[in-house]
Amino acid sequence: MCGIVGYIGIEGKTVQVLVEGLKRLEYRGYDSSGIAILEKGHTKVIKSEGKLDNLLKKLSIHSFNGSLGIGHTRWATHGTPSERNAHPHVSGGTSVVHNGIIENYQELKNELKKKGYVFNSDTDTEVISHLIEDFSKNGSSFEDSVRGAFKLTEGSYAVAIVSEREPEKIIALRKFSPLIIALGQGENFIASDIPAVLPYSKRVIFLEDGDVAILEKDSFRITDLNGQEVKREVFSINWDPVAIEKGGYKHFMLKEIHDQPHAVLDTIRGRVSEESGDVYFEGLENIVKGVRRVVAIGCGTSYHSCLIGRYMIENIAHVSVDVDLASEIRYRDPIIDENTLVIAVSQSGETADTSEALLEMKKRGARTLSITNVPKSKIARESDAVIYTHAGPEIGVASTKAFTTQLIVFYLLSIYLGRHTGRLSDNEGRRFIHDSFRMPQLLEMALKLDEVIKGLAMEFYHYKNFLYLARGINYPIALEGALKLKEVSYIHAEGYAAGEMKHGPIALVDESMPVVIIAPRDGIVYKKVLNNLQEIRARRGKVILITSGDEADELNTQIDRLIKIPDSSYMLSPIIAVVPLQLFAYYIAVYKGTDADQPRNLAKVVTVE
Ligand code: F6R
């Protein structure tokens, strides 16, 4: 995930602040880096592929006296990891660093090319520097040029910009990508995460979506995109080292739930081309050639992602999929041949049940692929090919960001399979990839439910039993929601396919049974699930409905609580729908006083059978 640092203040200090800040953001992962410094009104840009050491070597042969600059560590989305694609991107006197994705960059690029702008990289970011330059050339001030440019862009961004025309300012903007400013004495800072600037300042402002911050060395202002001033609270950060590791969150579980937008983005980036509609995975080509059937295996949460993977692969790639618990398949006699692809899913890559099942399937002649979060883990080593989720370390015992990144891998893999078997056209590929780019933004929106869910947990934490119901691709989300709740709060919860209600579990429903129904509006099974809702209401069950779309409000009178999640495509809806359930389990654990990070009897890595 990319990192941003910006500095304005004391002459000669800029490079030190930028480099140290970027080092503190290294944990986010990156493939190239760069800085731009304004010195006596002129821009000096140094960029490098690979690790920060490469950049440092280049910097050591220059001297810098500037009092403002911006720095960036990049993790490729559009365009390969290379020096030419590294940020900052410069147009005329405007330099830009950017995290996120400009969704309409292709249209903007075409327009700018018509106006004669030459593109020196394959990034979406370069349209920003040219756009700002274009406004500036037409006489707009730096601020107005920036606002003008961002009114034309769609997508997500955290951005820092400097301009030779007004070399006493840095401008920072945020929409769906985190960005803070930190305040010092005669100096101010920008960063994508607090640790980058903590040694210099503990007075921090968290920018909100749509904010434009204009920093000078002794002052700052924040406006919206129309130039209207907005007020933001200054927070004093008093973190101990462990808290820093937790990013200021009380528990790793909460931090990791909030990590999901960038974890999902990191898992997508560098693997897709929206232009061609293709997905790239190294070393998979031979393994998928001629595959007739997929068998997906995993345990616990990873098993739930296999269940959702089945819907994705069958729908997108039209390849038949069976799913099994890794701990069960070994004790069956599954029909496996050399045209069967066994996919083993495991966050840790060390789960004994999954590893043993994988080896057994291999013995029976299957081709094997693993989806895991831990490089060089056992399961990764044992399989013929591996796709890594880029969730970063998951420390909370309850799996959250590993799950959503597994789902996005299944989605990309479905496109990959569909394209390789010729069942998916390039247009369809483009559409599916485009939908995936919206996910980080939609996850950010879903995470805004945090406070609402906290309130909901307060209301419901004393109940003894919960039912979770859903249908179609979100049925496994009902299983996952129930698993999260029992793991961290020790409350009994069951996930059920909504259509199965009438075949038994409805007997359990009365006023003491809260029922969580997951039914995103886009779902083809939406109406059917609403019928189940009526059945529960008729038996005085308490209904919490998780749904999307405007029609949802009409249902408000028929249920106890309505949680509205953002709309996504149906295939990707589980990634959004699970967020309120993760938060619900977490806050119930907090209210019950259980240890959300290390629930009793559970281990993060289960290496016993
Ligand atoms: C649930 C959870 C477990 C794991 C399971 C498999 O929150 O964390 O159910 O999903 O133990 O672990 P991995 O994915 O490491 O194989």
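Buried residues (under 20% relative accessible area, with exposed meaning over 50% and partly exposed in between; 1.4 Å probe, protein chains only) make up 61% of the 609 residues in the chain. The model is predicted: local features need pLDDT of at least 70, side-chain atom pairs count only at pLDDT 80 or more, and totals for chains, interfaces and linings use all residues. Residues are numbered from 1 along each chain as its sequence is written, and side-chain values use heavy atoms, with hydrogens and water left out.

The chain holds 21 helices and 26 strands. These elements are DSSP runs, numbered from the N terminus: helices are H or I with at least four residues, and strands are E with at least two. The C-alpha trace spans about 75 × 55 × 45 Å along its principal axes. The radius of gyration is 25 Å, which agrees with the value near 25 Å of a compact globule with 609 residues. That radius is taken over C-alpha atoms, and the globule rule is 2.2 Å times the number of residues to the power 0.38.

Contacts (heavy atoms within 4.5 Å) were counted at a separation of 6 or more, and 71% of them join residues 24 or more positions apart. The accessible surface comes to about 23300 Å². Carbon and sulfur atoms own 48% of this surface. Accessible areas come from the Shrake-Rupley method with a 1.4 Å probe; for residues, only the protein chains shown count as cover.

The chain carries 72 positive and 80 negative charges, and their mean positions are 1 Å apart. Lys and Arg count as positive, Asp and Glu as negative; His and the chain ends are not counted. Each charge is placed at NZ of Lys, CZ of Arg, CG of Asp or CD of Glu.

Side chains of opposite charge can pair when their charged atoms come close. The whole structure contains 35 salt bridges, each defined as a side-chain nitrogen of Lys or Arg within 4 Å of a carboxyl oxygen of Asp or Glu. One of them links Asp209 to Lys448, with the closest N and O atoms 2.6 Å apart. Asp209 lies in the loop between strand S11 (203–206) and strand S12 (212–215), and Lys448 in the loop between helix H16 (439–447) and helix H17 (450–460), so the pair ties together parts 239 residues apart in sequence. Asp209 is partly exposed, at 26% relative accessibility. Lys448 is exposed, at 53%.

Asp266 and Arg269 form another salt bridge, at 3.0 Å from N to O. Both residues are buried. Glu487 and Lys484 pair at 3.7 Å, N to O. These two residues are 3 apart in helix H18 (residues 475–489), about one helical turn. Glu487 is buried, with a relative accessible area of 15%. Lys484 is also buried, at 1%. Elsewhere, salt bridges that share partners join Glu143, Asp144, Arg147, Glu166, Lys169 and Arg221 into one network.

Glu103 is buried, with a relative accessible area of 18%, yet has no salt bridge. Arg438 is the nearest side chain of opposite charge, 5.4 Å away. Residues up to four places away in sequence aside, Glu103 touches Glu154, Gly155, Phe437, Arg438 and Gln441. Ser273 lies 170 residues from Glu103 along the chain, and their C-alpha atoms are separated by 13 Å.
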